[in-house]
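Here are a few exercises to work through with the structure open beside you. Try each task before you read its solution.

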Amino acid sequence: MPLLSLATLLALPAGVGIDEEVEAWEPRARPLLDGPAACVQVQGQATVALAVMQPGGWRGPGKTEHHTLSGPFTGTLDHGVWRELTAALTTAPGVSPAVRMTDLMPVTGRKAGAHKKGEVQLGLTTGDNGESFDISAAGAQGINLVDGILEGIRPDVTLSWMEAGPDNGVVLVQRAPVKGADDDQMIDLRTTFPGRGAPSRLDVTLPRVIKVGDGLVKASIYDGQVHVLATPTPLGPLPTEESASVVAGLLGFTVGVDQRLTYTAYRPCGG
Amino acid sequence: MWMLWMGGLAAAEEAAPPPEAPKVEAPPAADWIPLPPSGVAFPSALTPLGAPPPAAVSPTPAIPTAPTPTTTPAAPLPPAGDLVRSRLSLRPRLARAGLVDGPAGMALGAAVGHQWWQLSDDTLRFAGESRLDLLGRVGDIAGPDLRLTSTHGLWLGPVGLLAGGALRYDALLPDVGGGPGLQAGLSLGPQGRAALDLGPLLPWVAFTPAWVLAGPRSAETLEQTWDGGLDLRGNHVDLRLSGAYRTAADLALWEAGLGLSFHL
């Protein structure tokens, strides 16, 4: 455990910790990020909400346009790695602009996409039915979303403790300071173990505002958060619901994204 | 990682409308083991932007599902409307200006602005803007035009009412003949603005009475400036038409401007 900073110690809520071996619970939280230690096929429904903010001032009160895409997905999660993940998200019929999306970045599991890291393509087609965007993307290769966030933050200090949880269970709380955040705000990871059994829920909350970038051009990250709800199965804990959402501002433009996956069914690979 | 994730979501490629969703091959339903619906409503980063987070999807019951389990209540959502956003802007400025019944020329320069607004869906929303215009004049006229304007107020539905002040240092001198023109002067006064947000159209007016504080320009009369304009809003670009009529030192001046604003 690295040295603890005074700010971190001051941020520890008084009287909430319980006498538990943190090191014993930390590895037990991993299944929420890795998925079961098995190969499993899953299917479900995905919803992606996009919010595009228009600034206010002399020429308007400021407004935010909202777009929602939804559709089914199916995939194969093999020992924590997505071997295959197919999605077909579209805006509702008749909604303009029509947007479609064929790729997702789940919270659980590591994405083994074919795209290069950071690759971005932009396109716009104007046709008889109005504008049409086609979104097709992949996240980083072979890295879990939450692990990637922590990798980007590179906290100097991490503090972990246990709290009492539901059904006589426990909650593992992991907290680390975030560079660029206001007022020494922290990233919090809370993993719930109801009844001291398998983990059922993960909530990751980033500071309200994080400034990214050292030069003149800085991006702002607002209200980033990740949530996973899991249920026990014979293969191990499987996510039933997960979400990742963030708002980012860069060069005066602000866009928000909220991705939600609802897992509806599973089966062992080869079943 | 967040930026990478958002970059991935924003990645796009051309498609012929209307978009056709690729087929998602689902194995026979009989092989699948249903997962219980969670029914949970997670908090979302989009909530402060006025959007309800996407609800948990209730899938088509192609396969039987177990009863809904008890779930942990969602964390309290941050209230919308208590957040203020702001941004800086830098824009080129292009206008034609001159003396009424006198010489005219082009005004070229840039404007540095700061906008702020309240994130809310309420009818009453607060907003404001400050801008520093730095213009030089070419053609049959000469002289600088430096303006610092800052007005703040509220938007009541589609009606915007803002008030503040304007500090200006300028001169408008005929390059060749045509009389003495407007001598240099530093003026200060209040400014009131009104705008009407009609969606694709936004007409606006502003009035600025000003007193000359310094400079060789005559300070005997109150200077008055009427500004007005019309914004024509497109999907990703706005066309901004503006005009001004000003009386100062027994002279009448005019200005007509054209601007473009790009947005997502």
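Keep in mind that this is a predicted model.

**Exercise 1.** Which residue in strand 17 of chain A is the bridge partner of Val247(A)?

*Solution.* Start at Val247(A) and cross to strand 17 of chain A, where Gly256(A) is its bridge partner. Next, follow the pairing along its length: strand 16 and strand 17 (residues 253-268) of chain A run antiparallel and are joined by 10 bridges. Finally, look at the connection, a hairpin with 2 residues between the two strands. Leu251(A), in this turn, has a positive phi of about 55°.

**Exercise 2.** Find how strand 15 of chain A pairs with strand 16 of chain A, and over how many bridges.

*Solution.* Begin with one pair: Val226(A) stands opposite Ala244(A) of strand 16 of chain A. Then extend the view to strand 15 (residues 219-233) of chain A, which pairs with strand 16 of chain A in the antiparallel sense over 13 bridges. To close, trace the chain between them: a hairpin of 2 residues makes the link.

**Exercise 3.** Explain why strand 16 of chain A counts as largely enclosed.

*Solution.* Take residues 236-250 of chain A and count the buried ones, using the cut-off of 20 or more other C-beta atoms within 10 Å. The count gives 13 of 15 residues, so strand 16 of chain A is largely enclosed by the rest of the structure.

Conventions:
Residues numbered from 1 in each chain as written. Chains lettered and ligands numbered in written order. Predicted model: local features only at pLDDT ≥ 70, side-chain atom pairs only at ≥ 80, totals over all residues. Buried ≥ 20, exposed ≤ 12 C-beta atoms within 10 Å, placed from the backbone. Helix = DSSP H or I, 4+ residues; strand = E, 2+ residues; numbered from the N terminus. Pairing = 2+ DSSP bridges.
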